[in-house]
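The entries are kept in the order in which I made them.

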Amino acid sequence: MTTLSADPELACDIFCAVVDNFGDIGVCWRLARQLHTEHGWRVRLFVDDLKVFHALCPEVDATLPRQDAMGITIEHWHEPAHAGDTLAIADVVIEAFACELPHAYIAAMARREPKPVWINLEYLSGEDWVADFHMRPSPHPRYPLDKSFFFPGLGKGTGGVLKERDLDARRERFDANAWWRERVGIERPGAESTVVSLFAYENPAVDALLAQWRDGDAPVVLLVPEGRISGALARFFGVSKFAAGMSAHAGALRAHALGFVEQPRFDELLWAADINFVRGEDSFVRAQWAMKPFVWHIYPQADDAHLPKLDAALAHYTRTLGPSAREAVARFWHAWNGAGEPDWAALQSHRLELERRAVKWAKELAGIGDLAGNLVAHVASRMVR
Ligand code: TRH
């Protein structure tokens, strides 16, 4: 594959404000690493919450103002005024998710010649309108600067989603037996069990689903990264907490709580399971590359603004399914996002069809090109030489 980088020495500053959870820094950290390792860019990442970052990359020391990790320079960003030790402005400036750049930094961008390429990286949405707005420039009201809006998406004409070049090879090399012994401390369950990974926010539908798994005919093995859903598991099993290393069982259901792992290892959880419950943005994308059926707990927004996004993703993902499977997936996703009760048996009855679709969908999605590569191509087209 050729590198589309306009300049192998290109310097890039990424600004990331952590709103909550792990997705903001999760996306930025993945993008930073990819721009560096695959495109040879020199990347500096400004992050306002290093504690959250530390969970994804234990090498990051939350007490340091500046450090290097995995080839990326990391600045603890004390917004709004701080903009690094020097006001050396990079060739490419990425503000993630409309976080506001420090005023002094914008003023210095305006003084720089040539002007940097300024990109606002938006949140992912599978909605159709995204293609119309992707890469649209917007002139700054006061400075001679243009900012373009880079929209990740699931359809043609959008920025796509992040996918590392070695991801498929890593997945193919994955040793599931070794993973089960190392991470769960047991042998990999046999084919009669359905392995489910559960990464979700607090969810009122979880009790009904746990009961269905418990009372079902076929064994379900649940892998639960410790987090916001763990309290519900503890209540269900009648224990005080469901912390990493703990296991519990009831009826046909066995559950194992896992510790949080560094981001490059998160995919392994998805590869180890038969069906993945994911949330937010980054894990939602990773589940698609895992080529397994998945259920999305979308990040809830005010005024139910997330619901059209949920349906848009469903439309892409279920496009070629038969009507009955499509209906079962849509009903299950809606129930998992607050409307109705999940029906595990109905979903499982389409398991084979969903597995085939998951593989096909990953190929369709890859056809849009990966986000980092698309972004590099966009920058190359905008560089003033
Ligand atoms: O954590 P999320 O819910 O993140 C978000 C934020 O809430 C953000 O504000 C919101 O706007 C966005 O979603 C849409 O879910 P997400 O995006 O899946 O991020 C989780 C990250 O955590 C992802 O990069 C994978 C990583 N992770 C690990 O690295 N190790 C782990 O063990 C686990 C469970 C996750």
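The entries below go from the domains to the spaces, then to the core and some single residues.

**Basis.** I am working on a predicted model, in which local features need pLDDT of at least 70 and side-chain atom pairs count only at pLDDT 80 or more, while totals for chains, interfaces and linings use all residues. Residues are numbered from 1 along each chain as its sequence is written, and side-chain values use heavy atoms, with hydrogens and water left out.

**Largest pocket.** I then turned to the spaces, which are set out on a 1 Å grid over the protein atoms alone: a cavity is a set of points where a 1.4 Å probe fits but cannot get out, a pocket is an open set with protein on both sides within 12 Å along at least five of seven lines, and lining residues have an atom within 4 Å of a point. Grid points are joined across faces, edges and corners, and a volume is the space filled by probe spheres set on the points. The largest pocket has about 650 Å³ by this rule. I found 36 residues in its lining, with G23, R279, G280, E281 and D282 nearest its centre. Helices (H or I, at least four residues) and strands (E, at least two) are DSSP runs numbered from the N terminus, and α1, α9 (263–272), α10 and α11 each give two or more residues to this lining. The largest share, 5 residues, is that of α1. By class, I recorded 17 nonpolar, 9 polar and 10 charged residues in the lining of the largest pocket, where Ala, Val, Leu, Ile, Met, Phe, Trp, Tyr, Cys and Pro count as nonpolar, Asp, Glu, Lys and Arg as charged, and the others, Gly among them, as polar. Domain 1 and domain 2 each supply at least three residues of the lining of this pocket.

**Cavities.** How many cavities of 30 Å³ or more are there? I count 3, and the largest cavity holds about 100 Å³ of space. Its lining includes V27, L31, E281, D282 and V285, and at least two lining residues come from each of α1 (23–39) and α10 (282–289). The lining of the largest cavity has 9 nonpolar, 1 polar and 2 charged residues. I place this cavity between the domains, because domain 1 and domain 2 both give residues to its lining.

**Helix α10.** Is α10 enclosed or open, and why? I find it largely enclosed by the rest of the structure, because 8 of its 8 residues are buried, with buried meaning under 20% relative accessible area, exposed over 50% and partly exposed in between (1.4 Å probe, protein chains only). R286 lies in this helix and is buried at a relative accessible area of 0%. Leaving aside residues up to four places away in sequence, I list among the residues that R286 touches R30, E164, R170 and D267. Just after α10, M291 takes a positive phi of about 60 degrees.

**Cores.** A nonpolar core is a set of buried Ala, Val, Leu, Ile, Met, Phe, Trp, Tyr and Cys residues joined through side-chain atoms within 4.5 Å. I looked up the largest one, which has 72 residues, and those that touch the most other members are W213, L222, L233, F277, F284 and W333. Domain 1 and domain 2 each give at least three residues to this core. A second, separate core has 39 residues, including L10, L35, L50 and I74.

**Backbone.** I noted a cis peptide bond between E113 and P114, with omega about -5 degrees; P114 sits in the loop between α3 (103–111) and β6 (117–121). A98, in the loop between β5 (92–96) and α3, has a positive phi near 55 degrees and is exposed at 52% relative accessible area. D304 also has phi near 55 degrees, but is partly exposed at 45%.

Key:
Domains from an automatic or database assignment. Contact = heavy atoms within 4.5 Å.
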